[in-house]
Each structure stands twice: as structure tokens, then as C-alpha cells.
Amino acid sequence: MVASATAAATAGAKPQPALLHHSACKGTIYLTFDTGSQSQAGLIADTLNRHKIKATFFLANEKTVNGDYSLDPSWSAYWKARVAEGHAVGSHTFDHDVLAKDGANGTILVKPGFGAHAGKIISLTPAQYCEEIKRVDQRFVELTGKHLDPIWRAPAGRTTPRTLAAAQACGYAHVGWAPAGFSGDELSSTAYPNAVLLQKSLRDLRDGDIFVAHMGIWSRKEAWAPANLEPLISGLEQKGYCFATLREHPDYLSQFKPSSKHP
């Protein structure tokens, strides 16, 4: 799940404030959460509900602290609740397929984090790569009765023009994050304590920025969300910021039109 610095710089351009937020808002921040160990899933949902905030979730079928997987039937109620609350939900590829590189003859080499080929480099055609994105939608329909939104996020944020084109061909637009929007929750809590990460986010986030955090990280000893999510949201609210899902981000408005290729 380690994020790449290159991917962090690929997030959306600044929005047009008049289109996105109430006149009382200084600007809009787009909170996004990628699946992970799911240790913070309940806390994230409770915090967003308490602040009446809508966010965007990106789902992969990842092993959780409960011993199951985040797209197992045991998570159906959780995801149904997020849909009912109005959050946006996109794909993070089914097996958390981290891009290795573009291969020969138009193929794409990936390293799945989970599934039958976990930890091994495998070669996919663009159509097969697209299927890995769409598999999340298929499972999400089984769990919730609803389709995903037509957006996806590459694991670790790693993309190439080939992967972006493959995804766009089957109706999915890629969403990165702003440089200031990297929460740092994947980093060592010794080298990057929560207080330092929180201060950086509150100092650097600006109108239109897409923020990314995970729903639990196995490797971080001091979890990010319990210490930082509430003060981050409260601090941004005190600065006059509002929050929205990526359905309202100007870079993705056209992706949500009825004419979209997505089912």
C-alpha cells in the first residue's frame, strides 16, 4: 500500500469554488478512504456521521483484522450503510493489484496483494486489467444491490497511460490525491508521529484538495485515524472548509453524467 510520490502529484486540479460549495465555505476538501486492515472502519463511519460529512471510499478485497476480507458478505451491512448515507464508492482493484510496469505486447504487469496470485508478478491484458477493476463492482452489487461510482484508484497510486486507458475504456476515471492530501498513515509512526502528520495536513490543505487515508494499516504501530481524523475534520471546519464526495469535484463531473460508459 506504499504510496508513490509521483502518484501523489497527479491529483485533481483546483476546482471552481462557486460550483462546489456554499458561500459560507472557504473551500471544499474531498476526503477519500482506501480499504486496508479495516481496523478503523467503524471509527471512520462514526466520525463522518457525527460531522454530517460525505466522503469517497475506494474498495479492494483486503484481509481485515476480523480474519475475513473487506468484500466478504460479513461486510455487507457496513457497505450498505455507507451507500444509504450518500457516500461515493469506487474501485481499488479486487486483489489490490499494484502496478509493476507495462509489459511486452501491450500487457500490464501487476503484483496482487491478495487472491490466488498474491505476492507474485502476473501479466494482464488491458481487458483483464479492466476486469480487476470491474470485479469490485460485481461484488459490490452482490453486497449492496448498488453499482460503484465510475471512478477507481490504483493501489499505491501507480499508473501508466496504458492502465489509465484500459480503465477509461470500461468506464472508470482514475482519482489520485493532492500532494498536501497524503495523510502519511502508511509511514512509520516513529519517524512520522501523528501530531506531525496532523499539523502538516492542517497547514497545507487547500480548496479542492483530495485527501487520502486508509481504513487501517497493518504496519503502522500508532494508528492514524483514532488520533488524527477528528481533529483534522474539526480543524478544517474551524478554518471554514466544507467537505464533499468526488461526485462534486469539477474534474469528475462529466464522469457522473448519465451518458457515462459505466453500467
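Trainee: Hi! What should I know before I start reading numbers off this one?
Mentor: It is a predicted model, so local features need pLDDT of at least 70 and side-chain atom pairs count only at pLDDT 80 or more, while totals for chains, interfaces and linings use all residues. Residues are numbered from 1 along each chain as its sequence is written, and side-chain values use heavy atoms, with hydrogens and water left out.

Trainee: And what is the mean pLDDT of the protein?
Mentor: The mean is 92, and 89% of the residues reach 70 or more. pLDDT is the predictor's confidence in each residue, from 0 to 100.

Trainee: Which elements have the lowest and highest mean pLDDT?
Mentor: Helix 1 (residues 5–8) has the lowest, at 36, and strand 2 the highest, at 99. Over residues 1–21 pLDDT stays under 50, though the model has 56 contacts beyond four places in sequence for that stretch. A contact here means heavy atoms within 4.5 Å. Where pLDDT is low, the predicted coordinates should not be read in detail.

Trainee: What share of the protein counts as buried?
Mentor: Of its 263 residues, 54%. Buried means under 20% relative accessible area, exposed means over 50%, and partly exposed is in between, using a 1.4 Å probe and protein chains only. Also, among contacts between residues at least 6 apart in sequence, 74% join residues at least 24 apart.

Trainee: Switching to cysteines: how many disulfides does a search of the whole structure find?
Mentor: Two, a disulfide being a pair of cysteine sulfur atoms within 2.5 Å. One is formed by C25 and C242, with sulfur atoms 1.7 Å apart. That pair links distant parts of the chain, 217 residues apart: C25 sits in the loop between helix 2 (17–20) and strand 1 (27–34), and C242 in strand 10 (residues 241–243).

Trainee: Is the disulfide of C25 and C242 left-handed or right-handed?
Mentor: The torsion about its S-S bond is about -70 degrees, so it is left-handed. C25 counts as buried at 12% relative accessibility, whereas C242, at 25%, is partly exposed.

Trainee: Which cysteines make the other link?
Mentor: C130 and C170, with their sulfur atoms 1.9 Å apart. C130 is in helix 5 (residues 126–144) and C170 in the loop between helix 6 (161–169) and strand 8 (173–174), 40 residues apart. With 135 degrees about the S-S bond, the C130 and C170 link is right-handed, and both cysteines are buried. Counting bonded cysteines along the chain, the pattern is 1-4, 2-3.

Trainee: Since you mentioned helix 5, where is T144 and what does its side chain reach?
Mentor: T144 is found in helix 5 and is buried, with a relative accessible area of 13%. Its side chain reaches the backbone oxygen of F140 at 2.8 Å, and a polar atom of that T144 side chain lies 3.1 Å from the backbone nitrogen of K146. Leaving aside neighbours within four places in sequence, T144 is in contact with W79 and K80.

Trainee: OK, on to helix 4. Which of its residues are buried?
Mentor: In helix 4 (residues 76–85) they are S76, Y78, W79 and R82. Seen down the helix axis, the buried residues of helix 4 fall within an arc of 165 degrees, so they line one face; the arc is that of the directions from the helix axis to the C-beta atoms.

Trainee: What covers that side, and what is on the face turned away?
Mentor: The cover includes helix 3 (41–50), strand 2 (56–59) and helix 5. The face turned away carries the exposed residues A77 and A84. Helix 4 is followed by G86, whose phi is positive, near 95 degrees.

Trainee: Last one: is D34 buried or exposed?
Mentor: D34, which lies in strand 1, is buried, with a relative accessible area of 3%. Beyond its neighbours within four places in sequence, D34 is in contact with F58, H92, R153, V212, A213, H214 and M215.

Definitions and conventions:
Helix = DSSP H or I, 4+ residues; strand = E, 2+ residues; numbered from the N terminus. Polar contact = N/O pair within 3.5 Å; in protein donor to acceptor, adjacent residues only side chain to side chain.
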